[in-house]
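Subject: Structure for your review

Dear colleague,

Please find the structure below, together with its sequence. My notes on what was found in it follow.

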Amino acid sequence: MIKSLQQKIKDYFRSTRFQTTLWYSIILLFFEIILGAIIYIYVNNSMRKELDHSLIKQAETIYNFVQKSDINLADFEADSIYASPDELVYDLIFEALAYNPKNTFVQIKVKDKIVFKTANLVSTTFNFKDQKEGLELFDYNDPNLSDYLIRVVNFKKKEYNITVAYPLDLIYSTLNNLLQLYILIFPFSLIISFVVGAFLSFRALARIDKIINRTEEIDAYNLNAYLEGEDASDEYGRLVRTLNNMLKRIKSSIEYMNYFTVSASHELKTPLTILRGELELALKSTKSNEEYLEIIKSSYEETMRLINIIDRLFLITKLDNSIINLNISPIDLTNLLNRVVNDFSFLLREKKIKVKYNLDTNDDLFINADGELLKQLFINLLDNAIKYSYPETEIVINCKKTPENKVRFEIINQSEHIPEDVLPHLFERFYRVESSRNRGLGGIGLGLSIVKQIVDLHKFSINLKSEKEGYFIVSIIM
């Protein structure tokens, strides 16, 4: 029980669901950190800009109040109202000071003489070297005034030098609180993002689990059971459609293999049965030399038939598995056709069939192809033509150059008419038309199938035509 639970936990951590959740959490937290950094920087810049604007406005206001008074503060003399310049200036700039917090530092110089400074500057004086005409903004550090940096605006115009400063403790305190808030929220964000990510990944991958469970139920015995969900237009729909198409191809392949096995077994069984019967007959009783010779002759024919079937099956296997490497070279079609026809001379005489050539003698009928495969192609076509031709008829072979500098090959024989819808099936393996055309002919339905594969391998084109007048035409453009 414990081991099973441990295995489930390990499987979960290896699963796409966990990885999706983890990536979702990492991305969400990454964007949260980026957002927090942006807010932190924005708050810092905004507060500094507001402080700078306030200090500049205060410095300019103080300058306007003092400058418009027309009082010579540098040569001030005490009277019954003001005992010192501080009291006079305080009255002048009281309105400007009233708008700012109590910890604002203000210092006023007239002709390098300090005429006023706020109470919080009693023991300290701002002395800045290389002061330039106009406004200057900078940070200033003085532990006697504040534990934090001090933001300073120094306004110098004519004989007046006005300094307004404010410690950055409020900004630092606000940013520190913001940072602590993020640190406090971070663990909760991590938990929430993981929970939400797990929920979303579970919802997103639930359909995948359904597809997996359904797929596990399908085997070679129930390939008709397809997956549901093809109608969906998303990625899951595409996945289901792809898997269903794969199942259809697997089903088709298995059906073909079963049909291939049954057909091949049937075709091999017939000559083997004949061989067995003849051998049993030869062993049962003594025969004359002529009888033994006849048995041997018949056995030889059946053996050659077996070899022919096996050779064709072997060739199909090599073509199917791309084992054959094309050995392309220039082939003389005239010479090759003559040799193939000569090989069939015995069968031609037996069925009293003649072969008529219509070869283009004005051009050299050469093409680039694999000589052995091309010979097998012509053998299959001529064998098919002889097998299904009416006795005492003529097979016509046409071979001419086309305007596109290709070669058009045609072989025409007289036989029963084949319906138009049946013609494409003639390229299928073990397919034979169920009519008197193939009764007792002994073919296994592989000839045209091999021809089609050789044609496709060379990227030629082939066309079949059966005319009602009784002519069957095979045309190949090479």
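**Findings**

Helix α9 is mostly covered, with 13 of its 18 residues buried; buried means under 20% relative accessible area, exposed over 50%, and partly exposed in between (1.4 Å probe, protein chains only). Please note that this is a predicted model, in which local features need pLDDT of at least 70 and side-chain atom pairs count only at pLDDT 80 or more, while totals for chains, interfaces and linings use all residues. Residues are numbered from 1 along each chain as its sequence is written, and side-chain values use heavy atoms, with hydrogens and water left out.

Helix α9 covers residues 371-388 and reaches 26 Å from its first C-alpha to its last, close to the 26 Å expected at 1.5 Å a residue. That expected span is 1.5 Å times one less than the number of residues in the helix.

For the chain as a whole, the secondary structure comes to 10 helices and 12 strands. These are DSSP runs numbered from the N terminus (helices: H or I, at least four residues; strands: E, at least two). Of the 478 residues, 38% count as buried. The chain exposes about 30,000 Å², of which carbon and sulfur atoms supply 57%; accessible areas come from the Shrake-Rupley method with a 1.4 Å probe, and for residues, only the protein chains shown count as cover.

Next, the sheet. Five strands form an open sheet in the order β2-β1-β5-β4-β3, with antiparallel pairing; two strands pair if DSSP finds at least two bridges between them. Strands β2 (113-117) and β3 (134-140) stand at the edges with a single partner strand each, so one side of each is left without a neighbour in the sheet. From one strand to the next, the twist averages 20°. Helix α2 (residues 16-68) packs on this sheet and touches β1 (105-110), β3, β4 and β5, where contact means heavy atoms within 4.5 Å. The direction of α2 makes about 150° with that of β5; axes are lines fitted to C-alpha atoms, for helices over the stretch in contact, and angles run from 0 to 180 degrees between N-to-C directions.

Strand β5 deserves a paragraph of its own. Eight of the eight residues of β5 are buried, so this strand is largely enclosed by the rest of the structure. Y160, I162, V164 and Y166 cover one side, and N161, T163, A165 and P167 the other. Strand β4 (residues 150-157) pairs with β5 (residues 160-167) in the antiparallel sense over eight bridges; K157 stands opposite Y160, and N154 opposite T163. The two strands form a hairpin with two residues between them, and K158 in the turn has a positive phi of about 55°. Strand β1 pairs with β5 over six bridges, also in the antiparallel sense, and V106 stands opposite V164.

Finally, P271 is found in helix α5 (residues 235-284) and is buried, with a relative accessible area of 0%. Leaving aside neighbours within four places in sequence, P271 is in contact with E302, R305 and L306. P271 and M304 are 33 residues apart in sequence and 9.5 Å apart in space, C-alpha to C-alpha.

Yours sincerely
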